[in-house]
Amino acid sequence: MNNTLKQLSIFIENKSGTLIKVLELFSKARIQIIASTIADTQDYGIYRVLCSAPCEAYTILKEHGINVQLTDVLAIAIEDEPGHAALAISALSEAEVNILYMYSFLWKGRGVLVMRTDESDKALEVIAKKDMDLLNEDDFII
Amino acid sequence: MNNSFPKDTCPYFNEKMETMSRTEIEVLQLERLQATVRHCMNSPFYKNRFEEIGLKPEDIKTLDDIRRIPFTTKQDLRDTYPFGMASVPLRECTRLHSSSGTTGTPTVILHTQKDLEEWAAQVARNLWMVGLRPDDVFQNSSGYGMFTGGLGFQYGAERLGMLTIPAAAGNSIRQIKFITDFGTTALHAVPSYVTRLYEVMQSMGVNPRKDTKLKVLAIGAEPHSEEQRRRIEEMMGVKAYNSFGMSEMCGPGVGFECQEQNGLHFWEDYYIVEIVDPETLEPVPDGEVGELVLTSLCREAMPLLRYRTRDLTRVLGRTCPCGRNHVRIDRMRGRSDDMMVLRGVNIFPIQIEKILMTFPELANNYLITLTTDEDNDNMTVEVELEELFTDDYRRLQNLTNRIQRALKDEILLTPHVKLLPKGTLPVSEGKAVRVVDKRTVYQ
């Protein structure tokens, strides 16, 4: 079973009009965005996207000359109640796994934490040990 | 050569030459042009060039005939490196200056002893013109060595009879100590360095108006705007005069502002000044911007005929309330080639390109933007990412830092490096636009 999710990381200029170009390509290919986030610096940003067909989206973006990378991320489902995110993160923290970035969203009544860590093997061990609910592509079939 | 001194009250160092009428200037120029052209036939380069087009020295009958002579370019100097342009045997030469050759072959400029004496006399004339006399103390805070601003001002200030301090560039605290301890009244430096000295003076609690005897600044070798000059004058509480020089013509001394500060007097007993359209190479009318072309009239070792300086400027006038009728030339407004001058450093885009191409992470397109920020020249280099090799910001930042360091090692300035997605920069038809100059000096 595949333990990770494919996320698109798209390099965009920090300037008006750059995001819409990317979104229009998703729209035209009828690819649905499940969750997305932008982090920016003064000069550029990385637009991170979970979508319904990451490999297909990757090919399309590439064909249009866009700087894009397929990145493996971990998605942990938690109960949509106070304290559950803290529980999950503290387990990783105790094992000295560092989180490079994280974002969250609601999916079918549950919370989802999407993250990239510096040591994904170790993270997977912790997740298995603590019996956390790791999501994969099949969980996001729309 | 006239080695006698005028009286301190005389406004002219060389009254006869400085106050000639336009007609007298032109008569002298024709005589000196004809002599220079004849002398150039001793140089293998000019001899061949004249023979190729069937031009003889005796064909130069009027000043307008100068237009029959082909232009000399920097490339000619490179092609004849090191001594192919000399018009005298090397035995008669006593000094050599060379350009750094950052873009490939360096160039060499030779001087005879008489060339050096004439050069010193030109610089002395300039410094006298702005009110300096043998009682003054002249501090030369300019780079020495191959850079002609060092020895050029040194010998010129000594020729005028001033106590001259070869302080050279750098070590601002020591410079300021010299200024206060030795009672420096005149200082020569690039404009950005004067600004730097002022900042250090402030941090040391030195007030240039009260704690120094400064009265004159000579600034040049780096493009600067009128506003920048006024700001420097305001900071230091003295007059700042613009100086123009280039090693091909000797060095500093070619042109200098008089106390009117309305353009630089280019010494027409030493040079013929032409302003031409850089595309058609035809002369442009007075007041219109074109490329400055200079012919040296008194040089022995290596006279240059119709040398294309690549500097863009215009003629402001040919008379002046100061009594000198030598042509007044506006401050330089840019270049007709792609050379950039930043904080006194000459940089060609090809140097930047060479460094960028060593990074496999980058695509081929790039853009250099120059801006003015608090009186300082700044450079931004925008580059496109070939592949997004990570989604980790730290690794992207690390790439930016590595590019920045490599560029600094090459051009000696730290540019701002901006990563862009591939395909962001404009792709131009034909020759790509690599440099956008937004500095206020060129507006």
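Here is a short walk through the two chains, with something to select at each stop.

**Before you start.** This is a predicted model, where local features need pLDDT of at least 70, side-chain atom pairs count only at pLDDT 80 or more, and totals for chains, interfaces and linings use all residues. Residues are numbered from 1 along each chain as its sequence is written, while chains are lettered from A and ligands numbered from 1 in the order in which they are written.

**Stop 1: the domains of chain A.** Colour residues 5–71 as domain 1 and 73–140 as domain 2; such bounds come from an automatic or database domain assignment. Their C-alpha centres lie 23 Å apart. Where they meet, eight residues of domain 1 of chain A are in contact with eleven of domain 2 of chain A (contact: C-beta atoms, placed from the backbone, within 7 Å). On the domain 1 side, β2(A) provides the largest share, four residues. That side divides into five nonpolar, three polar and no charged residues (Ala, Val, Leu, Ile, Met, Phe, Trp, Tyr, Cys and Pro count as nonpolar, Asp, Glu, Lys and Arg as charged, the others, Gly among them, as polar).

Stop 2: Strands (E, at least two residues) and helices (H or I, at least four) are DSSP runs, numbered from the N terminus, and two strands pair if DSSP finds at least two bridges between them. Click Thr37(A), and you'll find its bridge partner, Arg48(A), in β3(A).

**Stop 3: the sheet of chain B.** Now show β4-β3-β5-β6-β7-β8-β9-β14-β13 of chain B, an open sheet of nine strands with mixed pairing. β4 (163–165) and β13 (315–317) of chain B are at the edges with a single partner strand each, so one side of each has no neighbour in the sheet. Further in, select β8(B), 252–257, and β9(B), 264–266, which pair antiparallel over three bridges. Gly255(B) has Phe266(B) in β9(B) as its bridge partner.

Next, bring up helix α5(B), residues 113–129, which packs on the sheet and touches β7(B) and β8(B), its direction making about 20° with that of β8(B). Axes are lines fitted to C-alpha atoms, for helices over the stretch in contact, and angles run from 0 to 180 degrees between N-to-C directions. Helix α6(B), residues 148–160, runs at about 75° to β8(B).

**Last stop: where the chains meet.** Select the 13 residues of chain B in contact with 16 residues of chain A. Strand β20(B), residues 416–420, gives the most to the chain B side, with three residues.

Terms used:
Two residues are in contact if their C-beta atoms, placed from the backbone, lie within 7 Å.
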